[in-house]
Amino acid sequence: MCYRTVSNAPYPDCCQVSLNVQGNEEGGGGHRGQQVSAFPSPQEGASQRHHVWDPERSGIGLALCERLLSEDDGLHLCLACRNLGKAEAARVALLSSHPRAEITLLQIDVSNLQSVFQASRELKQRFEHLDYLYVNAGIMPNPQLNLKALFSGLFSRKVFHMFSTAEGLLTQDDRVTTDGLQEVFETNVFGHFILIRELEPLLCHPDIPSQVIWTSSSNAKKSNFSLDDFQHAKGHEPYSSSKYATDLLSLALNRNFNQQGLYSSVVCPGTVLTNLTYGILPPFIWTLLTPLIFLLRFFVNSLTTTPYNGAEALLWLFRQKPEFLNPLTKYHSATTGLGSNYVSPQKMDLDEETAEKFYQNLLDLERRFGAIRARSLDSPSQK
């Protein structure tokens, strides 16, 4: 049977989907993102599409699910979340506007490998094939704003670049997880990598292409990434490093899995203003900046501002045939000054040699967690 699948997830308490989207609004902080996946249920006919996602009550993941259902309310969404209570609230909200949709729940925490292994096992028990896996889960813990850089940038020729990329504006304090890994790296990169590895039987079917869609960032800077410190334990911009790492990993996945029917793409949602974003600055500063942001949108089209606009490129990729997409291109959501949405393809600053070395480093790291995987496989399944 042919199945259609999509996934997307945000994180503090949100869901993820087998199309993985974890809270990844650019500029957002202290937040674990959403994931959304769509896959057809093994019990359903080939015409039904199914999605697994991690929604917040608001955010890009939820906006994407709303937009996907607006295109086809016969989709099956599997909401994979850390907080099942919030996942249920999102499910109820989606069903209120799309009563024909089939929406199920799954618990997962991509910053905990045992949880990832258990959720992967559950997905393999539920489904035979995934068509889409949106991986946009992400965190930016305790972001610190460089106010000097902000105000000096406002009155320089770099103002448009600053608002497009947030380059030099934010640093973060990272910490180590119970798995012994840097938290930003594990949540934004390695947890997703393990999920994809575990779901290879559902994603790799040469005759039925599957697509992994990552939520990256324009803040993904080569200068903040190092193969010698790919967890960014010694640096102060782990978010930027992790987003560059996802770009590299996407390229490596295409090199290693295209012939098996698995394709990977990366998206930048632009600068989205959410409760997470507003938490970076005091309220009075946002009051001062908001008129400027909407004015700058006439010159900086990456200021998408709303989750609906930020989901534009994610939805656009859902409509494409992955075989014809360029693995070196990042697809940016963009919004004109008058509010029209479009997708802006931009070439990434990547090379295949670095991407392959990073991929091999992740495979080496994966071997360290064989015991956790074994324990997860022996534990009871989720109800």
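Author: A residue is called buried when its relative accessible area is under 20%. The model discussed here is predicted, and that cut-off is applied to its computed coordinates.

Reader: How many of the residues in strand β12 are buried?

Author: Strand β12, residues 329-335, is mostly covered, with seven of its seven residues buried.

Reader: Which residues of β12 lie on one side, and which on the other?

Author: T329, Y331, S333 and T335 are on one side, while K330, H332 and A334 are on the other. Both faces of β12 are covered, as every one of these residues is buried. For the protein of 383 residues, the buried share is 61%.

Reader: In which sense do β12 and β13 pair?

Author: The pairing of β12 with strand β13, residues 341-347, is antiparallel and extends over seven bridges. T329 stands opposite K347 of β13. These two strands form a hairpin with five residues between them, and G339 there has a positive phi near 95 degrees.

Reader: Where is a nonpolar patch found on the surface, and which residues form it?

Author: The patch on the surface is formed by L295, F298, F299 and L338, whose accessible area together is about 500 Å². Of these, L295 belongs to helix α10, residues 283-296. The accessible surface of the protein is about 14900 Å², and carbon and sulfur atoms account for 52% of that surface.

Reader: With its neighbours within four places in sequence left aside, which residues is F190 in contact with?

Author: F190 is in contact with L113, L181, F185, L362, L365, E366 and F369.

Reader: What share of the contacts in the protein joins residues at least 24 apart in sequence?

Author: Among contacts between residues at least 6 apart in sequence, that share is 74%. The protein as a whole has 14 helices and 13 strands.

Methods. Residues are numbered from 1 along each chain as its sequence is written. This is a predicted model: local features need pLDDT of at least 70, side-chain atom pairs count only at pLDDT 80 or more; totals for chains, interfaces and linings use all residues. Side-chain values use heavy atoms; hydrogens and water are left out. Patches are made of residues with over 30% relative accessible area and no salt bridge: like charges are joined within 9 Å, nonpolar side chains (Val, Leu, Ile, Met, Phe, Trp, Tyr) within 5 Å. Accessible areas come from the Shrake-Rupley method with a 1.4 Å probe; for residues, only the protein chains shown count as cover. A salt bridge is a side-chain nitrogen of Lys or Arg within 4 Å of a carboxyl oxygen of Asp or Glu. Helices (H or I, at least four residues) and strands (E, at least two) are DSSP runs, numbered from the N terminus. Buried means under 20% relative accessible area, exposed over 50%, partly exposed in between (1.4 Å probe, protein chains only). Two strands pair if DSSP finds at least two bridges between them. Contact means heavy atoms within 4.5 Å.
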